[in-house]
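Here are some notes to read alongside the model. Keep the 3D view open and find each residue as it comes up.

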Amino acid sequence: MLTRKQHELLMFIHERMKEAGIPPSFDEMKDALDLASKSGIHRLITALEERGFIRRLPNRARALEVLRLPDSMSPGLAPTQRGFSPSVIEGSLGKRSEPMRKPAASNDDDANAAVSIPVMGRIAAGVPIDAIQHKTHSIMVPPEMISGGDHYALEVRGDSMIDAGIFDGDTVIIRDANTANPGDIIVALVDEEEATLKRFRRKGASIALEAANPAYETRIFGPDRVKVQGRLVGLIRRY
């Protein structure tokens with residue numbers, strides 16, 4: 001998954017190469033994304049290259065190759081419009097998840113039946129990535145794993161929460177919420193465009209998003225930059 005700016009840059013490069021046959025200059029990319037300096041473009045290109053979307057060709061100026069587009073895009077689609085907000089629940093991170101549905105019980109009590117909840121995409125346990133998109137499929141979870149409120153599941157990508165027992169490839173069960181207590185592991189939306197799974201702390205008037213891996217630093221934000229989108233209540237792991 002990509003951040004909004006990464007996605008905008010990738011699609012701008014793709015469209016420019018379709019039109020002109022050559023990648024745009026760094027100045028053109030900077031102006032297209034309304035960035036103050038070319039250093040931001042360098043960071044975005046590095047991130048796109050690390051994620052396997054583009055490749056820089058050696059010994060050639062302005063040499064970029066688009067390797068692939070996001071899974072949700074086809075090569076003929078134009079770049080997304082400005083103002084895109086990542087979504088967790090049916091189009092917006094702020095919306096509630098769809099109601100949980102119990103399958104028909106076969107012969108035991110309904111209370112013992114598994115509960116269906118939506119899987120809303122992927123979440124980063126590492127460097128924040130563009131938040132989750134829309135429902136991809138559903139999974140069945142034991143009813144004792146959830147209690148009260150709406151719930152949804154996310155597939156974890158990254159290793160920043162391994163000391164909390166959350167590994168790359170796990171599926172986390174999230175209770176939809178917009179508040180958290182210090183120490184809770186939350187889905188945090190940063191600057192309305194990036195989502196990450198981190199432990200919630202307060203540092204005076206600021207909010208700290210704390211990793212559970214010494215390789216990652218705690219990130220501090222002003223309270224207006226972080227929104228709580230849910231709290232971790234369970235985890236599913238496949239072997």
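1. **The whole protein.** Of the contacts in the protein with a separation of 6 or more, 61% are between residues 24 or more positions apart; contact means heavy atoms within 4.5 Å. The protein has 3 helices and 12 strands. Helices (H or I, at least four residues) and strands (E, at least two) are DSSP runs, numbered from the N terminus. Buried residues make up 44% of the 239 residues, where buried means under 20% relative accessible area, exposed over 50%, and partly exposed in between (1.4 Å probe, protein chains only).

2. **How to read the values.** This is a predicted model, in which local features need pLDDT of at least 70, side-chain atom pairs count only at pLDDT 80 or more, and totals for chains, interfaces and linings use all residues. Residues are numbered from 1 along each chain as its sequence is written, and side-chain values use heavy atoms, with hydrogens and water left out.

3. Please trace β8 (residues 185–190) into β9 (residues 194–203): the two run antiparallel and are joined by 6 bridges. Two strands pair if DSSP finds at least two bridges between them. L189 has A195 in β9 as its bridge partner. The hairpin of β8 and β9 has 3 residues between the strands, and D191 in the turn has a positive phi of about 55 degrees. Strand β9 also runs antiparallel to β10 (residues 206–210), with 5 bridges joining them. Here F200 has L209 in β10 as its bridge partner. In this second hairpin 2 residues lie between the strands, and G204 takes a positive phi near 65 degrees.

4. **A residue in a loop.** Which residue has a positive phi of about 55 degrees although it is not a glycine? One to look at is D34, in the loop between α2 (26–32) and α3 (38–50). D34 counts as exposed because its relative accessibility is 60%.

5. **A residue in a strand.** Is T171 buried or exposed? T171 lies in strand β7 (residues 171–175), and it counts as buried because its relative accessibility is 6%. Leaving aside neighbours within four places in sequence, T171 is in contact with I139, A153, L154, E155, G234, L235, I236 and R238.

6. **The second largest pocket.** About 230 Å³ of space lies in this pocket. On a 1 Å grid over the protein atoms alone, a pocket is an open set of points where a 1.4 Å probe fits, with protein on both sides within 12 Å along at least five of seven lines; lining residues have an atom within 4 Å of a point. Among the lining residues are T3, K5, Q6, L35, G40 and R43. The largest share of the lining, 4 residues, comes from α3. By type, the lining divides into 3 nonpolar, 3 polar and 4 charged residues.

7. **One lining residue.** Q6, one of the residues lining the second largest pocket, lies in helix α1. Q6 is buried, with a relative accessible area of 7%. Not counting residues up to four places away in sequence, Q6 touches L44, A47, L48 and R51.

Terms used. Grid points are joined across faces, edges and corners, and a volume is the space filled by probe spheres set on the points. Ala, Val, Leu, Ile, Met, Phe, Trp, Tyr, Cys and Pro count as nonpolar, Asp, Glu, Lys and Arg as charged, and the others, Gly among them, as polar.
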